[in-house]
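Subject: the model we talked about

Hi,

Here is the structure I promised to pass on.

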Amino acid sequence: MKPFYVALAVVAVAGVAFILWQMRAGGSGGAATQPIPVQISDAELNSVQGISIGRQDAPVVIYEFADFQCPGCGQFATFTAPLIKERLVETGQVRFVYYDFPLPQHQHAFLAARAARCANEQGKFWEYHDVLYARQPTWAVLRNATDFFIDLAEEIGLDESAFSSCLRSDRYQEEVSRSIELGERLGVRSTPTLMVNMKRLPDVPDFSQLQQMVEQELGAPAAAADSAAGATAP
């Protein structure tokens, strides 16, 4: 083959490869990656749903507003959340509620929040929550995390086709947007933000500090606890 045709073939192959790479890196396949404008009236605040674990009638409720792409949230999920589940949730003292609060500077955070809710459809929110945070350093630097999120779903045993269909759509775009709006209405400005019986904590506590707060709530007079819970309930 003449050198000219060899060069032409190389250019053609490179062009096709570039187009395929652009399709994979730049396109999200129709997946909603940004919030939409929503408005929540005071009467609707209680209807914004987080993802919870623990007894519905647990005496103490810990709320977390978090961003899957936030490193501090990753540390909390790795070192503190497992202890909360093991020592406070499983003993019936606490119900733990996760609310999405993807920050605008994190390009994949909104999509990750939707992905976790897609996993929740198959009853594996918390498994997906854990693997998302565990692999955060990998997907956070990708140009497009859609395919990686689908691979993670397959990794934990989700129905890949159903998960992909959910992720490559606008499903849960409104729910995540409403969660953001709720956080903003409650004064959330950073992640993770923790609340214990609706009392917003100024800093992120370690587990021993959080356990002390829960014990204080458990020992608080009933009237005071009821008042705190009714102050501003999501």
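Below is what I found, taken element by element.

One thing to keep in mind throughout is that this is a predicted model.

I started with H3, which runs over residues 109–121. Its length checks out: at 1.5 Å a residue, the 13 residues should span 18 Å, and the end C-alpha atoms sit 19 Å apart, which agrees. The helix is mostly covered, with eleven of its 13 residues buried. Just after the helix, Gly123 has a positive phi of about 75°.

**Two helix pairs**

H3 packs on H8 at an angle of about 115°, and the axes are 9 Å apart. The crossing is right-handed. On the H3 side the contact uses Phe110, Ala113, Arg114 and Arg117, while H8 brings in Gln173, Glu175, Val176, Ser177, Ser179 and Ile180. By class that makes four nonpolar, three polar and three charged residues.

The other pair is H6 with H7, packed at about 150° with axes 9 Å apart. H6 and H7 also cross in a right-handed way. Here Thr146, Phe149, Ile150, Ala153 and Glu154 of H6 meet Glu160, Phe163, Ser164 and Leu167 of H7. Sorted by class, the contact of H6 with H7 has five nonpolar, two polar and two charged residues.

**Aromatics**

How many aromatic pairs does the structure hold? There are eleven. One of them is Phe96 with Trp126, a tilted pair at 6.0 Å centre to centre and 40° between the planes. Phe96 belongs to strand E3 and Trp126 to helix H4, so this pair ties together parts that are 30 residues apart in sequence. Both partners are covered: Phe96 is buried at a relative accessible area of 1%, and Trp126 counts as buried at 14% relative accessibility. Ring pairs also link Phe96 and Trp126 with Phe68, Tyr98, Phe125 and Tyr133 into a cluster.

Pro102 sits in the loop between E3 and H3 and counts as buried, at 10% relative accessibility. Leaving aside neighbours within four places in sequence, Pro102 is in contact with Ala66, Asp67, Ala109, Phe110, Val176 and Ile180. The C-alpha atoms of Pro102 and Ser190 are separated by 9.6 Å, although these residues are 88 residues apart along the chain.

A few backbone values deserve a look, given that most residues other than glycine have a negative phi, and most peptide bonds are trans. The bond from Thr191 to Pro192 is cis, with omega near -5°; Pro192 is placed in the loop between H8 and strand E4 (193–196). Tyr172, in the loop between H7 and H8, has a positive phi near 70°. Asn197 has a positive phi too, near 50°, and lies in the loop between E4 and strand E5 (199–200). With a relative accessibility of 5%, Asn197 counts as buried.

That's everything from my side. Over to you!

Definitions and conventions
Residues numbered from 1 in each chain as written. Predicted model: local features only at pLDDT ≥ 70, side-chain atom pairs only at ≥ 80, totals over all residues. Heavy atoms only, no water. Helix = DSSP H or I, 4+ residues; strand = E, 2+ residues; numbered from the N terminus. Expected span 1.5 Å × (residues − 1). Buried < 20%, exposed > 50% of the residue type's maximum accessible area, 1.4 Å probe, protein only. Axes fitted to C-alpha atoms, helices over the stretch in contact; angles between N-to-C directions. Left-handed = near helix turned anticlockwise from the far one by under 90°. Contact = heavy atoms within 4.5 Å. Nonpolar A, V, L, I, M, F, W, Y, C, P; charged D, E, K, R; others polar. Phe/Tyr/Trp six-rings, centres within 6.5 Å; stacked < 30°, edge-to-face > 60°.
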